[in-house]
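Here is a short report on the fold and contacts of a predicted model. Keep the sequence and the 3D view open while reading.

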Amino acid sequence: MRRWATDTFYASLAYIVASLLTFEVLAPLQNMFFAEYPSRASLLFLPHGVRVLAAWLLGWRAVFALLPGVFVVFALLGGSDVFLPSRLMAIVIAVTSVPAVFYICKWVGWDLFPRPDRKPCWACVMAVGIITSFLVSGLTNIAFGSARAEYVAFLIGDISGLFFLMLALYFAFRIADKRG
Amino acid sequence: MTEISKLTELRKLMQSMERTLGLEQLSPVERDIYYAAEELSKSDDEVRTFGLIEHTLVQSVSRPTFFRALKSLVEKGYLSQSGTANRGRYIVHAPK
């Protein structure tokens, strides 16, 4: 039970921090440098990286671990609109898609979940992130009924968000190791 | 998986990016031995050469290559020989 609470705390916290960074720091920069881009969606969406890494590490438990964080972020962005059916649907899509893709991959014989006796494959995790991004972008656009430019922006944002989050984590570990 | 092993797995994933991105500090064999040592050190403070050489990640490595890589890991500070015990026991350190 305590492990569940810890997983939920860290996964949701990571999602909220990644979302705040994306919307409060990166989005204003994007608006400054890509002002002519028609979509308001982020081109560097770090929360997708959190979703993918949480699902990779926690499996189906990531659904419940991410749920509070995803709900808080949707509530911060949309206020009471968070209870609209389209938003609730988007929340469900956000938390379930990545674990579902990992389990489908496992079911077809491509088990990517971490195991102590083998090396993880970051490119494979990236691939699942990209597959899921197509899925989430498509489903979210159906839920919100948005334009094609939004769909493309979601895709770019998710894929670059996952890559740069992993890169940032890599350097964070390296810095922590040097200081430790 | 415990909290520490989640961090270890995450760290292993990040390290797997190294080679592709040209950021690596260790050779593939050194890395495998280090992964194995990290894994084994979770259950015991010290890692024995005997346990290391039998680890799944290291089984295919020839003995001379294994011992060369082990020596290199000690020189680079990833492993150190245990001061209190017999030779053949190592303490695992975080990469510098």
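## Fold of chain A

Along its sequence, chain A runs α-α-α-α-α-α. Helices (H or I, at least four residues) and strands (E, at least two) are DSSP runs, numbered from the N terminus. The radius of gyration of chain A is 16 Å, close to the 16 Å that the globule rule gives for 180 residues, so chain A is as compact as a globular protein of that length. That radius is taken over C-alpha atoms, and the globule rule is 2.2 Å times the number of residues to the power 0.38.

This is a predicted model: local features need pLDDT of at least 70, side-chain atom pairs count only at pLDDT 80 or more, and totals for chains, interfaces and linings use all residues. Residues are numbered from 1 along each chain as its sequence is written, while chains are lettered from A and ligands numbered from 1 in the order in which they are written.

The C-alpha atoms of chain A fill a box of roughly 50 × 35 × 30 Å along the principal axes. Buried residues make up 35% of the 180 residues in chain A. Buried means 20 or more other C-beta atoms within 10 Å of the residue's own, with C-beta atoms placed from the backbone.

## Two bent helices

The expected span of a helix is 1.5 Å times one less than its number of residues. A bend is the angle between axes fitted to the seven residues ending at a residue and the seven starting there.

| Helix | Residues | End-to-end C-alpha distance | Expected span |
|---|---|---|---|
| α3(A) | 18 residues | 26 Å | 26 Å |

α1(A) bends by about 40 degrees at L26(A), and the proline P28(A) follows within four residues. Its buried residues include D7(A), Y15(A) and Q30(A).

α3(A) has a kink of about 40 degrees at L67(A), shortly before the proline P68(A). Among its buried residues are A62(A), L66(A), G69(A) and F74(A). Their cover includes α1, α2 and α4 of chain A. After α3(A) comes G79(A), with a positive phi near 60 degrees.

## Contact with chain B

Two residues are in contact if their C-beta atoms, placed from the backbone, lie within 7 Å. On that basis, 17 residues of chain B touch 19 residues of chain A. α1(B) gives the largest share of the chain B side, eleven residues. By class, that side has seven nonpolar, three polar and seven charged residues. Ala, Val, Leu, Ile, Met, Phe, Trp, Tyr, Cys and Pro count as nonpolar, Asp, Glu, Lys and Arg as charged, and the others, Gly among them, as polar.

Notes. A residue is buried if 20 or more other C-beta atoms lie within 10 Å of its own, exposed if 12 or fewer, and partly exposed in between; C-beta atoms are placed from the backbone.
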